[in-house]
Amino acid sequence: RVLQLMNLTDSRLAQAGNEKLELAMLSFFEQFRKIYIGDQVQKSSKLYRRLSEVLGLNDETMVLSVFIGKIITNLKYWGRCEPITSKTLQLLNDLSIGYPFQKSCCGVRKLVKLSAVQFMLNNHTSEHFSFLGINNQSNLTDMRCRTTFYTALGRLLMVDLG
């Protein structure tokens, strides 16, 4: 239901958005990632069967695609809202690190193959992500956000380059 709500709210972001609801969704993504994404997760779990039935998300790669899509949407529409930007970038950072207790980086390799990740690697400018814009009021928080963003992209790029 959270993913269905996300689709609805994201479709209306151009008109208006709710900061608290966005932060709640990011908390959901954080917990979902910890529990259901990774090498240790049973791919035949009830959750993945249900996601397939209801939303057509058949596997982990498709779920990761939804995560990255949400990250890009948040960075596009909420770039001037520091709490959402920071939490969104933390999710991107966590995904770029890989899965806890992972023996290899195959999960991150799945991530790098996604077209949305390739979009971020190729279009990391203020034109697409407003928080990257340089202005006279840049503060320490903006710098931390940029650092987190480029750290995560750097990790993904290193996996991409092998």
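Student: By class, how many nonpolar, polar and charged residues does the lining of the largest pocket have?
Tutor: Ala, Val, Leu, Ile, Met, Phe, Trp, Tyr, Cys and Pro count as nonpolar, Asp, Glu, Lys and Arg as charged, and the others, Gly among them, as polar. A pocket is an open set of points on a 1 Å grid over the protein atoms alone, where a 1.4 Å probe fits, with protein on both sides within 12 Å along at least five of seven lines; a lining residue has an atom within 4 Å of a point. Sorted in this way, the lining of the largest pocket has 8 nonpolar, 1 polar and 2 charged residues.

Student: On what kind of model do these values rest, and which pLDDT do side-chain atom pairs need?
Tutor: Residues are numbered from 1 along each chain as its sequence is written, and side-chain values use heavy atoms, with hydrogens and water left out. The model is predicted: totals for chains, interfaces and linings use all residues, local features need pLDDT of at least 70, and side-chain atom pairs count only at pLDDT 80 or more.

Student: What volume does the largest pocket have?
Tutor: Grid points are joined across faces, edges and corners, and a volume is the space filled by probe spheres set on the points. For the largest pocket this gives about 260 Å³.

Student: Which helix supplies the largest share of the lining of the largest pocket?
Tutor: Helices are DSSP runs (H or I, at least four residues), numbered from the N terminus. Helix 1 (2-11), helix 2 (19-36) and helix 3 (46-55) each supply at least two residues of this lining, which includes Arg-1, Phe-28, Phe-32 and Arg-50. The largest share, 5 residues, comes from helix 3.

Student: How many helices and strands does the chain have?
Tutor: Strands are DSSP runs as well (E, at least two residues). From the N terminus on, the elements run α-α-α-α-α-α-α-α. The secondary structure therefore comes to 8 helices and 0 strands.

Student: How many aromatic pairs does a search of the whole structure find, and how is the pair of Phe-32 and Tyr-36 classed?
Tutor: Rings of Phe, Tyr and Trp (its six-membered ring) pair if their centres lie within 6.5 Å; planes under 30 degrees apart count as stacked, over 60 as edge-to-face and the rest as tilted. The search finds 9 aromatic pairs. For Phe-32 and Tyr-36, the ring centres are 5.2 Å apart and the planes stand at 45°, so the pair is tilted.

Student: Is Phe-32 buried or exposed?
Tutor: Phe-32 and Tyr-36 both lie in helix 2, 4 residues apart, about one turn of the helix. Buried means under 20% relative accessible area, exposed over 50%, and partly exposed in between (1.4 Å probe, protein chains only). Tyr-36, at 29%, counts as partly exposed. Phe-32 has 6% relative accessibility and therefore counts as buried.

Student: How many residues apart in sequence are the parts that Phe-32 and Phe-67 tie together?
Tutor: The rings of Phe-32 and Phe-67 have their centres 5.8 Å apart and their planes at 50°, so the pair is tilted. Phe-32 lies in helix 2 and Phe-67 in helix 4 (residues 60-77), so the parts tied together are separated in sequence by 35 residues.

Student: Which residues do ring pairs link into a cluster?
Tutor: Phe-67, one member of the cluster, counts as buried at 2% relative accessibility. Ring pairs link Phe-28, Phe-29, Phe-32, Tyr-36 and Phe-67.

Student: What relative accessible area does Lys-70 have?
Tutor: Both Asp-10 and Lys-70 are buried. Glu-22 is buried too, with a relative accessible area of 1%. For Lys-70 the value is 1%.
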